[in-house]
Amino acid sequence: MKYLWGLIPLALFAALALLLNANLGRDTESMPSALVGRSVPAFDLPALASNRDSYDQEIFKGRWSLLNIWATWCPTCYVEHPYFIELARSGVAIVGVNYKDDDDKARRYLAELGNPYTEVVVDKQGNLALDLGVYGAPETFLVSPEGKILLRHAGEVNAHVWEEKFVPLMARYEAYHGGGEDTP
Amino acid sequence: MRVMISRSLASLLCALPLLVLAAIDVYEFDSPEQEARFRSLTQELRCPKCQNQSIADSDADISGDMRARTAQMIRDGHSDREVVDFFRERYGDFVSYRPPLAANTAVLWLGPGIVLLFGGLLIFRLMRRAARAADQDDDDLPPPETH
């Protein structure tokens, strides 16, 4: 009995060590988005260059799409840009949200590097970004045909991320909803 | 009472960075009471980008946006709780320095109490044993456990 009591500090230490070790190396920068499962927040924002003046959340209805927060001041956006062009070529609809940027710079960026976006809305004040729980750029959201956010990815989207995170989720969602149910 | 002391201590500690901030962005409020609420709320909300500063102290762009939204919501007549819930809905529990008691935060809330309890129990037993050892010369006999 005496020895058991002596073991308590050791047991506590071991438990703490295990707990801390489990969290070691975990990416503390990436946070789960509280918005997953909800509809894209309502907005009414000007278009960067388009035949329409403004867009609202309805542009996400009717087809799978990505919502990509980008800006010319964001270095990682340049890195992921070529992959978005590739995705766009393969038929993925990407809605760009130009975040706290200069319109002319943004237009030049798309003219020089190519435009992977089906539409680009201008979020100069960052209000839509704030409603989305965005804390930087780039961030990419997967939006279902019903306009629901299924995934939030902070940082670069590349082939690896696309295959690992986005594709399986779409497949699972379609499998589930193909079975007769309509609402998520 | 304790909350009040720690609050006033916190506002004392945070007075300096706030004075610096006041020069950067100025929000107008209808009453001093609203301004006080703004101060305490911006200290209670955590910057999602820098992660170790409140939005009152942080220079990050997003913190500026969050301060502006907080000010706007206060002016619009929202309660403190509504403001915190607004950000919690978007950035998760992480955004508040006072996370709610839930399964994943239980260790945070109950852990210190449990450690204190065990530690106290341990010290109590050790002291009792020492007292008993001092009473009896015969150290070889195991102390009676049943009582």
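**Rings, cores and a disulfide**

Student: Hi! Let me start with A:Y109: is this residue buried or exposed?

Tutor: A:Y109 is buried, because its relative accessible area is 4%. Keep in mind that this is a predicted model.

Student: Good to know. How many aromatic pairs does the structure hold?

Tutor: Over all chains there are 10 aromatic pairs. One of them brings together A:Y78 and A:Y109, whose ring centres are 4.9 Å apart with 75° between the planes, so it counts as edge-to-face.

Student: Where in the chain do A:Y78 and A:Y109 sit?

Tutor: A:Y78 belongs to helix α2 (residues 75-89) of chain A, and A:Y109 to helix α3 (residues 103-113) of chain A. With 31 residues separating them, the pair links distant parts of the chain.

Student: And how accessible is A:Y78?

Tutor: A:Y78 has 39% relative accessibility, so it counts as partly exposed.

Student: What about B:F86 and B:F87, how are those rings arranged?

Tutor: B:F86 and B:F87 also make an edge-to-face pair, at 5.1 Å between centres and 85° between planes. Both B:F86 and B:F87 are buried.

Student: Which arginines lie over rings?

Tutor: B:R46 lies over the face of B:F94, 4.0 Å from the ring centre. The charged end of B:R75 sits over the ring of B:F29, at 6.0 Å from its centre.

Student: New topic: the largest nonpolar core. Which members touch the most others?

Tutor: That core has 42 residues, and those touching the most other members are A:F43, A:F60, A:L67, A:I69, A:L132, B:I62 and B:F87. From chain A, β3 (65-70), β4 (93-99), α4 (127-131) and β6 (139-143) each give two or more residues to this core, and from chain B so do α2 (32-44), α3 (61-75) and α4 (80-91).

Student: B:F87 again! What does B:F87 touch?

Tutor: Not counting residues up to four places away in sequence, B:F87 touches A:L130 in chain A, along with B:L45, B:M66, B:R69, B:T70, B:G92 and B:V95 in chain B.

Student: Which residues does the second core include?

Tutor: The second core is separate and has 28 residues, among them A:L66, A:C77, A:F84 and A:V122.

Student: A:C77 is a cysteine. What does a disulfide join A:C77 to?

Tutor: A:C77 is joined to A:C74, with an S to S distance of 2.2 Å. The count over all chains is 1 disulfide. The torsion about the S-S bond is about 95°, so this disulfide is right-handed. A:C74 and A:C77 are both buried.

Student: Where does A:F141 lie, and why does it count as buried?

Tutor: A:F141 lies in strand β6 of chain A. It counts as buried because its relative accessibility is 0%. Leaving aside neighbours within four places in sequence, the contacts of A:F141 include A:S65, A:L67, A:I69, A:L132 and A:I149.

Student: How far apart are A:F141 and A:D53?

Tutor: From C-alpha to C-alpha, A:F141 and A:D53 are 23 Å apart in space, and 88 residues apart in sequence.

Student: Last one: what is the mean pLDDT of chain A?

Tutor: Chain A has a mean pLDDT of 86, and 89% of its residues reach 70 or more. Residues 179-184 of chain A stay under 50, and there the model has 7 contacts beyond four places in sequence.

Note on methods: Residues are numbered from 1 along each chain as its sequence is written. Chains are lettered from A and ligands numbered from 1 in the order in which they are written. This is a predicted model: local features need pLDDT of at least 70, side-chain atom pairs count only at pLDDT 80 or more; totals for chains, interfaces and linings use all residues. Side-chain values use heavy atoms; hydrogens and water are left out. Rings of Phe, Tyr and Trp (its six-membered ring) pair if their centres lie within 6.5 Å; planes under 30 degrees apart count as stacked, over 60 as edge-to-face and the rest as tilted. Helices (H or I, at least four residues) and strands (E, at least two) are DSSP runs, numbered from the N terminus. Buried means under 20% relative accessible area, exposed over 50%, partly exposed in between (1.4 Å probe, protein chains only). A charge sits over a ring if NZ of Lys or CZ of Arg is within 6 Å of the ring centre and within 35 degrees of the ring normal. A nonpolar core is a set of buried Ala, Val, Leu, Ile, Met, Phe, Trp, Tyr and Cys residues joined through side-chain atoms within 4.5 Å. Contact means heavy atoms within 4.5 Å. pLDDT is the predictor's confidence in each residue, from 0 to 100. A disulfide is a pair of cysteine sulfur atoms within 2.5 Å.
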